[in-house]
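Here is a short briefing for a first look at this structure. Keep the view open while reading the points below.

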Amino acid sequence: MSPPVRMINDIAAQFQHQAPATAAAAIAEHVRTFWDPRMRAELMRRVESEPQLLDPLALAAARLLRA
Amino acid sequence: MSLLKEPDLGTPAKPGPATVSLEVDGLPVTVPEGTSVMRAAALSGIDVPKLCATDSLEAFGSCRLCLVEIDGRRGTPASCTTPVVEGMRVSTQTPKLEKLRQGVMELYISDHPLDCLTCSANGDCELQDMSGAVGLRQVRYGYDGANHLDEKTDSSNPYFDFDASKCISCSRCVRACGEVQGTFALTIEGRGFGSKVSAGGSDFMSSECVSCGACVQACPTATLQEKSVIQLGMPSRSVITTCAYCGVGCSFKAELRGAELVRMVPYKDGGANEGHSCVKGRFAFGYATHPERVLTPMVRETITDEWQPVDWDTAILFTAARLRDIQSRHGVGAIGGITSSRTTNEEVYVVQKMIRAAFGNNNVDTCARVCHSPTGYGLKQTFGTSAGTQDFRSVARSDVIMVIGANPTDGHPVFASRMKRRLRAGAKLIVIDPRRIDLVRSPHIEAQHHLQLAPGTNVAVVNAMAHVVLTEGLVDRTFVDERCEDFDDWAEFIARPENSPEAVEEFTGVPAEEVRQAARLFATGGNGAIYYGLGVTEHSQGSTMVMGMANLAMATGNIGRDGVGVNPLRGQNNVQGSCDMGSFPHELPGYRHVSDDVVRGVFENMWGSTLQAEPGLRIPNMFDAAVEGSFRALYVQGEDIAQSDPNIKHVHAALTALELVVVQDLFLNETAKFAHVFLPGTSFLEKDGTFTNAERRINRVRPVMAPKTGKHEWQIVAEIAQAMGYPMRYDDPSEIMDEIAALTPTFSGVSFAKLDKLGSVQWPCNENAPEGTPIMHMDGFVRGKGRFVPTPFVPTRERSTRKYPLILTTGRILSQYNVGAQTRRTANVAWHSEDVLEIHPHDAEVRGINDGDEVVLTSRVGATSLRAVLADRMPVGVVYTTFHHPVTGANVVTTENSDWATNCPEYKVTAVQVGLKSAPRPVETGSGETLRPAMVD
């Protein structure tokens, strides 16, 4: 699993207790706050190429990041 | 300055206002209740002769030299053990006292070598001084009677000798070992004339002695003397500076003879240590002059070439040109750097400034990434700032001390001594740790609860404790209602059945009832204080755990006053400072996010450069990007990432992939094997600047000697920036601190002049707190209200399996420090010459392993070999080792798992197998080199 996918899945695991929309927003905000742009870009590439490897909340967060 | 001899007032200060007035030899003095007559006399300017008394120890009253006469009282009481009384009139010099003291001194001297002229303590001997003070002119008993002059010298300790022939049995060493250090390794053996100091019946090296030096410092004669003083002679001048080892940040007097450092003596006015020390700070400074130290810059084209020594200009131009060339080919973001927690605030600040302003990106990170980055995240989320809440003195007011994932007696020994003093006085102790650390049961101390949890289950345990606090009605509602927010959401979460002690017992391994009792004790036992270490942070849930502890502290009202708080015990001397100075890729100095336009604008105006608004790469991200190809050059200041970072195979692959690695360090460390430029750094004895310790205390680091390399590290960095076309120039490190103060609100009141005046200050230090802030969040949290954050327990993906059935956890040992670059080059190797694997006897037996056997430690990412030590301090199924020696390479086996929020590596949980070593076989690291032969299957 590529580092960005592993990392966002790790983040998503921490927000499973929240409502999906709230969790996705929190995950996206965390990524915006702490990730270098090239990591976010790599995440977007992975979202396109291997979405099945992403946790559903992570995937929802990635969509927010793209928006 | 000339040799600084601090005043010794004979007995410790007593707390409280000065309310008791008395006269000493006709001089009026007013002192706090409980003060001794001896101290009162000293405060009025009169030194009463003494031998067994010193103000670091409680009065003992054995030498009979400090006798005084008191109007209205019979006899001649000892002034050290006599407390003052209102209206008391004391006489310290009378013919009667003179005669008595001379008689006492005659007895001492009749059994003491008369070798003053050749004695190592000549000029620094209290016995010698007191002989003069009492006017001793004869010894009527002669010198031929029964005596101790033939007692042998114990030279077993590498740093000091014990010459029993010079001992006057004053017990100061014995009391220092107990009262100050808390080890109780020394005792007085025998009775009467046969009384003698004994290290538990053996020599010092074989005893429980931890070589803190407290006994040496307390000794009034040459009985306990530093070997360096014996060899070099008595020092003649002092420089007050700060230790460069752990995050306690002890103040020392560096005592020199000419230009040669003779000894380091803990400074009584040091706010962090108040005159105490450990074996590292007190004695292990020889690395600074070790022959392996590199003093000349070196460059090479490839990492397989020989190093070429060059002058500074060549090295700086080479570095700058390569960095710019790589940026021209691969982009502005292709380079970055790592700051060091072993360097000063000023040195860290200029590196991050060079990266942000000269490199033009935010690819700066620090070694705190791999230790306390979750502290930064967790405490900022909950309290609003990334720092511990208390000063070290606060522990003296704690009633319940909870130590989580820390081993203070090894990692932070001087603070541990403070803690043990409070525990001996009756505070309760809860230890949460998979390993039975020494603190669980040590002389006069026994933990009320040791929650010996399975590695990786911290969050479940702290949640369970909070569950008990909430569901049993133990929440401090007044504190929560007035000071906190988001409590209801957290309360709903924490009250869920899955967070109960009973629900988590199966996987934490901690009996539910034990958790319940510990929680009740913490919530109801008075001032509750949490102290924690890397056993909290270096987990995949490290940040969650920090927030979990903050939640527990807030729920029980244990924030914002003396004796309470949440306190990270920082690993390296300047971890706090390196974080404060803007070393994280998302934060400018003062923990302000790079995306904040207003803050960034302030820095852009001061620095004259456009700054990036996006976060840069963190250390693990740099490694990933290096392997992937977008990151091409790395500047490493004082960190040995090729040894200290996890999953070394991956680290070595990343370093090998880089076009340029610049290492700024004292020694050719493991990382330097991958470097193209080596910039020799300065030891703490040469540095001029400040360190910030774990209690946010900013201490001056003063140069004891000129840089052996010819340049300060901040000068090197500034010159590289200039060579890259960015103007950066300072004439003095105080100018750097002035710039930090101008840019950082929490440092706005800090200057070298203020530090020289006050000794130290704890940030925030600004117009609201001009002399600093010992305790934070007293009137409100930094973020306004303390924020409760739900902390679900998410287990690590690292699980024990049939192939890797044991869990490895790592730590450190007292005598060694971090990757050992410093301590391995001192006599401290006498205590720890190699890393060993602690394994439970049961786990050893089923594998056919005996104590001392060479074993192979294997994880899914690598293998190494080391010697096994059978120890039941580990639970069955858990093994433990340290990472002080590169030959062992403990991080060969640690994995890529990291904290979800900060990428702090999960050093504390690695699934492993252990087996007897049989056929040796090289271990590939990915860099073409091999580590110690080990069987990997």
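In this predicted model, strand β34 (residues 806-811) of chain B joins strand β39 (residues 910-916) of chain B through three bridges. The two strands run antiparallel.

**Strand β34 of chain B**

- Leu808(B) has Thr910(B) as its bridge partner in β39(B).
- β34(B) also pairs with strand β38 (residues 878-882) of chain B, in the parallel sense and over five bridges.
- In that pairing, Gly811(B) stands opposite Thr882(B) of β38(B).
- Six of the six residues of β34(B) are buried, so the strand is largely enclosed by the rest of the structure.
- In a regular strand, side chains alternate between the two faces of the sheet.
- Both faces of β34(B) are covered. Leu806(B), Leu808(B) and Thr810(B) are buried on one side, and Ile807(B), Thr809(B) and Gly811(B) on the other.

**Helix α26 of chain B**

- Which residues of helix α26 (residues 733-743) of chain B are buried? They are Pro733(B), Ile736(B), Met737(B), Ile740(B) and Leu743(B).
- These residues cover an arc of only 130 degrees around the axis, so they lie on the same side of α26(B).
- An α-helix has 3.6 residues a turn, so residues three or four places apart point the same way.
- The cover over the buried residues of α26(B) includes helices α9 (345-359), α21 (597-607), α25 (713-723) and α27 (752-758) of chain B. Strand β30 (689-692) of chain B is also part of that cover.

**Chain A**

- Chain A holds four helices and zero strands. Its elements run α-α-α-α from the N terminus on.
- For 67 residues, a compact globule would have a radius of gyration near 11 Å; chain A has 10 Å, which agrees.
- Along the principal axes, the C-alpha atoms of chain A fill a box of roughly 25 × 25 × 20 Å.
- Of the 67 residues of chain A, 42% count as buried.
- Among contacts in chain A with a separation of 6 or more, 70% come from residues 24 or more positions apart.

**Where the chains touch**

Methods
Residues numbered from 1 in each chain as written. Chains lettered and ligands numbered in written order. Predicted model: local features only at pLDDT ≥ 70, side-chain atom pairs only at ≥ 80, totals over all residues. Buried ≥ 20, exposed ≤ 12 C-beta atoms within 10 Å, placed from the backbone. Arc of directions from axis to C-beta. Contact = placed C-beta atoms within 7 Å. Pairing = 2+ DSSP bridges. Rg over C-alpha atoms; globule rule 2.2 N^0.38 Å.
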